[in-house]
Amino acid sequence: MSDEKNIIKEVIDIGLSEMKDMSEVSDACGQFRQLLLEQLSRETQMEQDERPPKDFSKLETVTIGVCPGDGIGTIISKEAERVLRHLLADELDSGDVVIKDIEGLTIENRLEKQQAVPDDVLAEIKTCDVLLKGPTTTPKGGTMESANVALRRELDLYANVRPVSIPDQGIDWTFFRENTEGEYVLGSKGIEIPGKLSMNFKVTTECGTRRIARAAFEYAKANGKTNVAIVTKANIMKQTDGNFSRICHEVASDYPGITAEDWYIDIMTANLLKEERRADFQVFVLPNLYGDIITDEAAQIQGGVGTAGSSNMGDHYAMFEAIHGSADRMISEGRGQYANPASIIKAAAMLLRHIGRIDKAQKLEDALTECVENEKKVVITGHEDGATAEEFTDYLISKL
Ligand code: IPM
Ligand code: MG
């Protein structure tokens, strides 16, 4: 008997024969075949893409799109935009920089159009070089994809770079989270046999891994870092994480002065809490979901998710955002105006750095450190006893 017949017999023997003549299984196999073909095609397109990367620091005119998002997003992104407009005032006047306010990336519009990023909004975003994006709400369950995931895919923002630094503890970490595949790429396209089981898929491609590894090692080399931690769970996820690790090591062989170390994600989450060990880590490269989780942990160690910025880098576009979500609860509790804009303002500084406005980025980062860590005159608590996002930003701008 063939393997398939054996399996079918087993399924019937253990009393699962009510599965509508196996038609659900055939449908699921058809769906899986389709997903596999789509992913192969995505990999091939990546391999064949020969367009030279854009040099964001040498653009004649830089177009910055601002998408406010949902929940506290509208409140904090308004403040970040105000900071950008202040720092870039001369260049906005001369037309070297253009800021476009992009509407329609809201949960209401996305639900109405039944699109994670409505077509007209995406078209508008694609007229920009870089994007400052407020957090967007992601519905739990259902099939509506997260706007973040869709934007990362549509703009091919493959490197989620998240720095965390605590100078007085010697911590200077930079996370290179793979941002377009892993557990996310098919996260809304899993398979379900209702009442029986559900399956999601994780995808690791050669090209997708090679390019994030290259980004991490290039960063290490350019910044005098000597160690890159490759963080996986390759002992369990043998194919996807096994290949992720192998490819990272292949890339590492082009960087002789840099040590590439394998770590498992579980012990790495513990090590980040180990004070005598954690300052030794410098650069991390890791698959999407582990990167998502550990960067929240790292941000918390730095002082909270409100303190960390996040950049989503691609060869043709880049998107900068707060590391946290839309905090809808703050809105429903009437506390929206007390939301902390520091994370998205930090992201705005990263944006400035990416478009080559290094001095302005530095000025903004210094002012943030001054306001948040040193002076602490205007403090955000998230509640009425603290400052509003607007008051904090007024204070920050007075320091610029
Ligand atoms: C992040 C967020 C997103 C993610 C959500 C909003 C989809 O948590 O940027 O880390 O999971 O990537
Ligand atoms: Mg996250």
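Reader: Which conventions apply to the model?

Author: Residues are numbered from 1 along each chain as its sequence is written, chains are lettered from A and ligands numbered from 1 in the order in which they are written. Because the model is predicted, local features need pLDDT of at least 70 and side-chain atom pairs count only at pLDDT 80 or more, while totals for chains, interfaces and linings use all residues; side-chain values use heavy atoms, without hydrogens and water.

Reader: In what order do the ten strands of the open sheet stand?

Author: Strands (E, at least two residues) and helices (H or I, at least four) are DSSP runs numbered from the N terminus, and two strands pair if DSSP finds at least two bridges between them. Here the order is S2-S1-S3-S12-S11-S4-S5-S10-S8-S9, with mixed pairing. Strand S2 (97-101) and strand S9 (259-264) stand at the edges with a single partner strand each, so one side of each has no neighbour in the sheet.

Reader: In which sense does S5 pair with S4, and in which with S10?

Author: S4 and S5 are antiparallel over eight bridges, with Ile166 facing Ile171 as its bridge partner, and in their hairpin, which has four residues between the strands, Gly170 takes a positive phi near 70°. S5 and strand S10 (residues 283-286), by contrast, pair in the parallel sense over four bridges, where Phe176 has Val285 as its bridge partner.

Reader: Is Thr209 buried or exposed, and which residues does Thr209 contact?

Author: Buried means under 20% relative accessible area, with a 1.4 Å probe and protein chains only, so Thr209, at 1%, counts as buried. Thr209 lies in helix H8 (residues 206-222) and, leaving aside neighbours within four places in sequence, is in contact (heavy atoms within 4.5 Å) with Glu181, Thr204, Phe244, Ile247 and Cys248.

Methods: Buried means under 20% relative accessible area, exposed over 50%, partly exposed in between (1.4 Å probe, protein chains only).
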